[in-house]
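This briefing sets out selected features of the structure shown below. Topics are grouped by chain.

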Amino acid sequence: MIELRNICKSFNGHKVLDDLNLKIETGESMVIIGRSGCGKSVTLKHIIGIMEPDAGSVLVDNINVTKLNGQDLKKFRMNFGMLFQGGALFDSLSVLENVGFQLFEYSDLSLGEIRKRVAECLAMVGLSGIENAKPAELSGGMKKRVALARAICMSPEIILFDEPTTGIDPIMGDVINDLIRRLHDTLKTTSITVTHDMKSAYKIADKIAMLYNKKIIAVGTPDEIKNSDNPVIRQFVTGSAVGPITGY
Amino acid sequence: MLSFARKVSIDSWRFTLNKIKKFFIYAGALAILLARSIFWIFASRARKFQILDQMNKIGVSSFPIIFLISLFTGMVLALQSAYQMQKVSAEMYIASLVSLSLTRELGPVLTALIVAGRCGAAITAELGTMRVTEQVEALETLSTDPVEYLVVPRFIALLVMVPLLTICADFFGIVGGYLIGVGKLNISHAMYIKMTYTPLAIKDLVTGLIKSLSFAGIICLVSCFEGLNSEGGAEGVGRATTASVVKSFVLIIVADCFFTALFYFIMR
Ligand SMILES: Nc1ncnc2c1ncn2[C@@H]1O[C@H](COP(=O)(O)OP(=O)(O)OP(=O)(O)O)[C@@H](O)[C@H]1O
Ligand SMILES: [Mg+2]
């Protein structure tokens with residue numbers, strides 16, 4: 001179980017998260033929705049411990065993430081996979097080395113076995129035969145999918161996806177939604193997905209959480225969210241310009 | 001009027017104190033990075049390929065410029081000292097002057113400055129770009145410590161290559177002096193060689209190499225620290241790169257002064 005307790009975070013005096021609480025059960029597929037710039041990516045980074053909260057704590061299976069360091073942190077992170085919003089592929093490494101990064105670093109597999117596993121992961125995201133390319137040679141959507149392959153390569157127990165379908169064509173987007181759902185159904189992974197795309201949210205979510213005004217204002221099943229009578233949620237899920245959410 | 005003067009003096013004191021405080025905070029941050037690097041050198045397996053790659057980038061590709069600069073420095077040293085030495089007919093001491101000043105001082109310092117400008121800047125730019133494009137964070141999520149994966153190979157490569165380049169610089173500087181001394185100043189070959197070696201003690205070489213080891217440490221720590229802590233997109237990386245070169249230069253000169261004084265007092 002992942003628990004965010006009373007998280008506060010500010011950057012240069014500007015508060016982004018204020019007293020945020022969220023609970024994610026093991027094996028659950030949680031989708032976090034919210035407006036651009038409201039702190040969704042920051043929330044994900046807190047869960048995996050690459051950002052530290054100013055106050056509050058992050059508990060994963062009752063282990064306080066912020067207190068870990070050294071080899072414990074290493075072992076802890078092995079259970080995680082994360083897809084960054086911008087991909088964050090290593091420029092200096094080829095696609096093979098990117099996707100198989102942890103296999104090269106932390107397993108005793110032979111090069112042939114690693115190649116096989118990497119090809120498998122790339123096939124899952126609809127790519128093949130690009131193992132030797134460098135990230136700079138790929139298109140934006142391809143980079144995103146390679147990054148997705150890297151996140152799932154070690155079959156981690158918990159996967160964080162930061163906008164997996166943004167910048168990808170609708171057909172491929174649906175393939176990726178299916179993939180996330182399938183990982184979750186077959187491997188029982190806990191997944192936390194950030195997205196703006198309500199269609200994909202409904203498809204992959206067990207629960208949807210809405211982040212608004214520095215807090216999680218609602219958590220519910222897709223049906224509950226769809227039929228919510230909270231005007232803020234209604235406006236967001238229908239994508240309407242008129243409503244309580246204004247500005248920008 | 002008096003109070004104004006007092007205010008200015010208090011302000012300048014405060015300014016200086018602030019600068020000193022900042023310097024120590026920076027030195028502390030570098031010390032922490034040093035401690036983490038040393039920890040990971042022993043705690044992680046050796047990444048042979050990456051270390052060799054960095055050695056190639058730092059050492060092999062810096063060689064031509066080190067060669068050129070030290071050769072010409074040796075020639076200039078010989079020519080400049082010839083003015084004075086010829087007046088007292090002591091041309092043969094030109095050889096000693098060239099060899100001593102190169103091994104003790106110019107070899108290590110010139111090499112360090114070149115490497116800081118050439119490779120330190122490149123390291124900062126590379127790590128800085130990785131930082132601002134979230135690659136450093138991605139590395140952490142792949143359960144790899146950035147210090148372990150990025151800093152340690154560069155640290156080892158610099159610690160090996162800077163002293164080696166220094167030895168090359170010493171050698172080619174002496175060759176430069178030789179070319180001028182024997183070719184233009186009419187010192188005999190045998191005399192030049194003899195006057196190069198006689199005053200040269202092992203301790204001159206060793207102190208030079210100790211200096212160059214410490215310079216290598218400075219270059220690595222400063223350039224990696226600036227890179228890993230850069231923020232604010234391409235502009236921030238640019239700023240970090242400039243800061244890295246300037247700070248390495250200053251620290252190299254400060255360390256040089258420190259070691260020279262230290263060796264002066266303990267070896268007198
Ligand atoms: N490293 C940082 N330094 C300073 N401010 C930051 C940093 N990271 C995020 N922020 C600020 O935090 C706020 C939330 O950012 P975040 O990236 O979490 O938004 P988001 O919800 O993921 O938006 P989007 O949907 O557009 O990706 C933004 O206002 C941003 O300016
Ligand atoms: Mg985001």
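Gly34(A) is buried, as its relative accessible area is 0%; buried means under 20% relative accessible area, exposed over 50% and partly exposed in between, with a 1.4 Å probe and protein chains only. The model is predicted: local features need pLDDT of at least 70, side-chain atom pairs count only at pLDDT 80 or more, and totals for chains, interfaces and linings use all residues. Residues are numbered from 1 along each chain as its sequence is written, chains are lettered from A and ligands numbered from 1 in the order in which they are written, and side-chain values use heavy atoms, with hydrogens and water left out.

- Gly34(A) belongs to strand E3 (residues 29-34) of chain A; helices (H or I, at least four residues) and strands (E, at least two) are DSSP runs, numbered from the N terminus.
- A distance of 5.6 Å separates the C-alpha atoms of Gly34(A) and Met210(A), which are 176 residues apart along the chain.
- Leaving aside residues up to four places away in sequence, Gly34(A) touches Lys40(A), Thr195(A), His196(A), Leu211(A) and Phe236(A), where contact means heavy atoms within 4.5 Å.
- Ser200(A), in helix H8 (residues 198-204) of chain A, counts as buried because its relative accessibility is 2%.
- With residues up to four places away in sequence not counted, Ser200(A) touches Thr165(A), Asn177(A) and Thr195(A).

**Chain B: overall make-up**

- Chain B contains nine helices and zero strands, and its C-alpha trace spans about 65 × 65 × 35 Å along the principal axes.
- Of the 268 residues in chain B, 47% are buried.
- Among contacts in chain B with a separation of 6 or more, 85% join residues 24 or more positions apart.

**Chain B: helix packing**

- The axes of helix H4 (residues 93-132) and helix H6 (residues 146-183) of chain B come within 8 Å and cross at roughly 145°; axes are lines fitted to C-alpha atoms, for helices over the stretch in contact, and angles run from 0 to 180 degrees between N-to-C directions.
- Residues making this contact include Gly107(B) and Pro108(B) of H4(B), and Ala169(B) and Gly173(B) of H6(B).

**Chain B: surface**

- Chain B exposes about 13,700 Å², of which carbon and sulfur atoms supply 73%; accessible areas come from the Shrake-Rupley method with a 1.4 Å probe, and for residues only the protein chains shown count as cover.
- Phe67(B) lies in helix H3 (residues 63-87) of chain B and counts as partly exposed because its relative accessibility is 30%.
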